[in-house]
Amino acid sequence: MRRLLLLVMLVYVLFLWGLGTLNGALLALAVPLIVWVGAALVWGSEKPKLRVSRTLGTNRAPKGTPVAVKLSVANEGPLLEEVLVEDMLPRGIELVAGESRALASLGPGETVDLEYTVAGKQRGVFAFRGVEATTGDYLGLFPRRASLPASAQLTVAPETLKLRRLAIHPLRTRATAGPIPARRGGSGVDFFGIREYQPGDPLRWVNWRVSARHPRTLYTNEFEQERIADVGLILDARRRTDIRLNGNALFENAVRATASLAETFLGDGNRVGLLVYGGFLDWTFPGYGKVQRERILQALAKAETGDSLVFDSLDYIPTRFFPAKSQLVLISALCPDDPPMLIRLRAHGYQLMVVSPDPISFEARLLKPDEAVDLAVRIARLERAMLLRQLRRAGIQVVDWQVDKPFDQAIHTSLSRAAHWFRTIGVAP
Amino acid sequence: MNETPSPTAKALPASIVLATGALGLGYGLNGSWSIVIVIAALGVLWLVGQWLGWGWTASVELVCFVIIAAVGLGMRPGDGWMLAGAVGALSAWDLHHFAQRLRGSGQVEGTRALERRHFQRLLVVDSTGLLLGAVALGARTELGFGIALLLGVLAVLGLTRATRFLRQQSD
């Protein structure tokens, strides 16, 4: 359109100049310019009738993984002399290979195909909205722009780590066999106790040593039943627990940890639910298997930190979402006022594990070291150590994760028997 | 810098040289050598700008060439060369933008066909403009001041309305 304005301005100038100086030759010089405008008008394009279809190679991909996009633009109207098709990529998605723009001449019924590869730069749910088509005459004076709908959604899921089996001991388990000790005698692997022989018990379970001491009675060994359990993951998305420095966010580590935990617990056959607790409550109803894994990853992909007066403290964690006496895992950097609610959860019979990405080491790593910073870090570490000790004393499993270390290493070190023993004798593992 | 498809890459400098040559010849025939040097400098600047991919040169150069042609129109026998120079500048300006469109569009389907059709249209428009311009230059009509004023007002109003209409159509 700027080009048209330039031509029209030149025509105006020549006209006014010619009339002002009564010089007809100047009017004659304007003639080729007028012919141009007229020709562009005559050959100008109609309103484009285009149909766009889009195919994504996959709807879900981890960050940085290439995803193929196929875009087909069909002309359902008359000849379009020049059509520029441009796919508007959502923010957070980058072009890795190929071209997302194409210039073509499209006859009636003809199609132009675009094939390119994109990758997600960050976690999230990204909506491809539409395609921008600019049609014009060959002289390019009258471009017409149209937005064509071609929606699709790409979920860039958080990265997940394959963790080894995590030892959890909820007070109540479900009826189906699984890997979690059920605190109940029956068939299993680990010794649980001894009881009187009952008809139907296998003979190899008979405890002959005990039975020898009681001549008239037979005793059999009992093993601890192993069942699956309900696991509730609570991701703390309160803005005040997040730290953002130099483009790094502590919350991203919490999201990755949650995704890894969900994958591990679901992989063991457990029933897992997710609550994202922040600006609002985002609840993923408990479920099993791959479908639930997809639901949880979808919820985690769009998880954002938020502020809310109501959910500013953990006091409003809706415990009704989680079955009584089930296993809860809170992933949170923790605030000083959080322990009372966590201790209350424990008192209600929930088996609670807190995975806490360490905000102090995260922030200290990104700050320029000086005397004041060192002192502040020492004080903050002492406060945090007190906070974690308070939780451990209440029988809460605590994983203090310094995010520069791999999560699997941190969680298995914290939950190992040796770590428990070290803590018992008062030495940090 | 991306490589421009060859026919456009050849036609663009040819148009610039043609426009510069025509205007230079027109002024040269009248002995205005200082203006010839200015025109040559402008032509070289346009070529360099096109080579380096400067987007602004084409429009600025078109305005300069049209003004130089308008100034030179009073000189006989250079009238025809001025008209040819203006049409050449118009072609170069169009080809410059066409080359930019081809370069900036990523994937181009049927480049040769697009170029061929563009050149055909350009040839038709240039020939018609040159022909009608030459006819208008040769025509001699006596117009009174009132009629000239009326024509001027009509032309300005007509062009304004046409531009507004076209802009609405584009939006």
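**Close-up views of a predicted model**

**View 1. Chain A as a whole.** In this predicted model, chain A contains 10 helices and 19 strands. Of the 429 residues in chain A, 52% are buried. Among contacts between residues of chain A at least 6 apart in sequence, 70% join residues at least 24 apart. Chain A exposes about 21,400 Å², and carbon and sulfur atoms supply 53% of that area.

View 2. Strands of a sheet pair through backbone hydrogen bonds, either parallel or antiparallel.

View 3. Strand 4 (residues 80-87) and strand 8 (residues 124-136), both of chain A, are antiparallel and pair over six bridges. Leu84(A) has Thr134(A), in strand 8 of chain A, as its bridge partner.

**View 4. A nonpolar patch on the surface of chain B.** The patch is formed by Val44(B), Leu45(B), Val48(B), Trp51(B), Leu52(B), Trp54(B), Trp56(B) and Val60(B), which together have about 780 Å² of accessible area. Helix 2 (residues 33-52) of chain B gives the most to the patch, with five residues. Leu52(B) is in helix 2 of chain B. Leu52(B) counts as partly exposed because its relative accessibility is 45%, and partly exposed residues fall between the 20% limit for buried and the 50% limit for exposed.

Technical notes: Residues numbered from 1 in each chain as written. Chains lettered and ligands numbered in written order. Predicted model: local features only at pLDDT ≥ 70, side-chain atom pairs only at ≥ 80, totals over all residues. Heavy atoms only, no water. Pairing = 2+ DSSP bridges. Helix = DSSP H or I, 4+ residues; strand = E, 2+ residues; numbered from the N terminus. Buried < 20%, exposed > 50% of the residue type's maximum accessible area, 1.4 Å probe, protein only. Contact = heavy atoms within 4.5 Å. Areas by Shrake-Rupley, 256 points an atom, 1.4 Å probe, with all protein chains shown as cover. Patch = residues over 30% accessible without salt bridge, like charges linked within 9 Å, V, L, I, M, F, W, Y side chains within 5 Å. Salt bridge = Lys/Arg side-chain N within 4 Å of Asp/Glu carboxyl O.
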